[in-house]
Amino acid sequence: MPEGITAENLLNTIMDTFADDVPKHKSVSFFEEEKSNSVSSQINRLFGREKPVHKILGGGKSADVLLWRNKKISASVLIGATGAWVLFEWLNYNFLSLLFFGLLFGMIAQFLWSNASSFINRSSSNVPRFKLPEELFVNVAVSIAAEVNRFLGFLQDVATGGDLKKFLIVVASLFAAAIIGSWCNFLTLIYLGFVAAHTLPVLYERYEDEVDSFIYNLLGQVQNNYRKLDSSVLSKIPKGYRKGKKSE
């Protein structure tokens, strides 16, 4: 049947085109649309996007803030972080000075509140008290400790695993991170990560098809370059003998 042969050849052409380059946005037929959807789902599986971005980020209030579901709250958080960074980085305020000044003004406000209410109402009024929940600090400490221990365990496994190739890659990565960290201080690095966390997810959710196509091609180029490097340099590096060989 000529029509069946034409459709099959058309699908093969689409697969070859996608393997060579990014899929281009153009008017397509029904068969092309079906194949492009299957290719898009393949990219989703490759990059772990079977679930929506909101689900990947946890699906709670934190995900709503990161994806700007409530623009007022997200903007307030980002503006607050920017204000803190400007105070400490540009205006050179000291954290302890700001902390004690805040406590000082808080005590003065409570003192004036309690005394003014007694003069106006001639009766003592309950001054609001600020108290942080203990569970907040416990959960934060547990989460940080778990991530730090997992990272330290990974480094120790690499150091004692006997795989020289993997060891050199991790050492080079740590060296690159140390060089990048010397370009800015710790506070600026945290602020940049905070801004990235509040901008990149929402941009990715809006332009996920274009980003996936770009990353797919970029990773393909990186894999090709790594294969060349592996075949020419890394494969010639001998691996260390692992402890406790398995008995045959």
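Helices (H or I, at least four residues) and strands (E, at least two) are DSSP runs, numbered from the N terminus. On this basis, the protein has 10 helices and zero strands, and its elements follow the order α-α-α-α-α-α-α-α-α-α from the N terminus on. The model is predicted, so local features need pLDDT of at least 70 and side-chain atom pairs count only at pLDDT 80 or more, while totals for chains, interfaces and linings use all residues. Residues are numbered from 1 along each chain as its sequence is written, and side-chain values use heavy atoms, with hydrogens and water left out.

A look at the whole chain comes next. Of the 248 residues in the protein, 13% are buried (under 20% relative accessible area, with exposed meaning over 50% and partly exposed in between; 1.4 Å probe, protein chains only). The accessible surface, from the Shrake-Rupley method with a 1.4 Å probe, comes to about 20,000 Å², and 65% of it belongs to carbon and sulfur atoms. Among contacts (heavy atoms within 4.5 Å) with a separation of 6 or more, 55% are between residues 24 or more positions apart.

The unreviewed UniProt entry annotates residues 98–116 and 167–194 as "transmembrane region"; such annotations may be inferred rather than shown by experiment. Residues 98–116 are 100% helix and 0% strand, with end C-alpha atoms 26 Å apart. For residues 167–194 the figures are 89% helix and 0% strand, with the end C-alpha atoms 30 Å apart.

Two helix pairs deserve a visit. Axes are lines fitted to C-alpha atoms, for helices over the stretch in contact, and angles run from 0 to 180 degrees between N-to-C directions. Helix α7 (residues 134–160) packs against helix α8 (residues 164–182) at about 135°, with the axes 9 Å apart. This angle makes α7 oblique to α8 (under 35 degrees is roughly parallel, over 145 roughly antiparallel, 65 to 115 roughly perpendicular and the rest oblique). Phe-151, Phe-154, Leu-155, Val-158 and Ala-159 of α7 meet Lys-166, Phe-167, Val-170 and Leu-174 of α8. By class, this contact of α7 with α8 has eight nonpolar, no polar and one charged residues (Ala, Val, Leu, Ile, Met, Phe, Trp, Tyr, Cys and Pro are nonpolar, Asp, Glu, Lys and Arg charged, and the others, Gly among them, polar).

The axes of α9 and helix α10 (residues 208–232) come within 5 Å and cross at roughly 100°, so α9 and α10 are roughly perpendicular to each other. Tyr-204, Glu-205 and Arg-206 of α9 touch Glu-208, Val-211 and Asp-212 of α10, giving two nonpolar, no polar and four charged residues.

Helix α9 (residues 186–206) also holds His-198, which counts as buried because its relative accessibility is 4%. Leaving aside residues up to four places away in sequence, His-198 touches Val-65, Leu-66, Trp-68, Val-77 and Leu-78.
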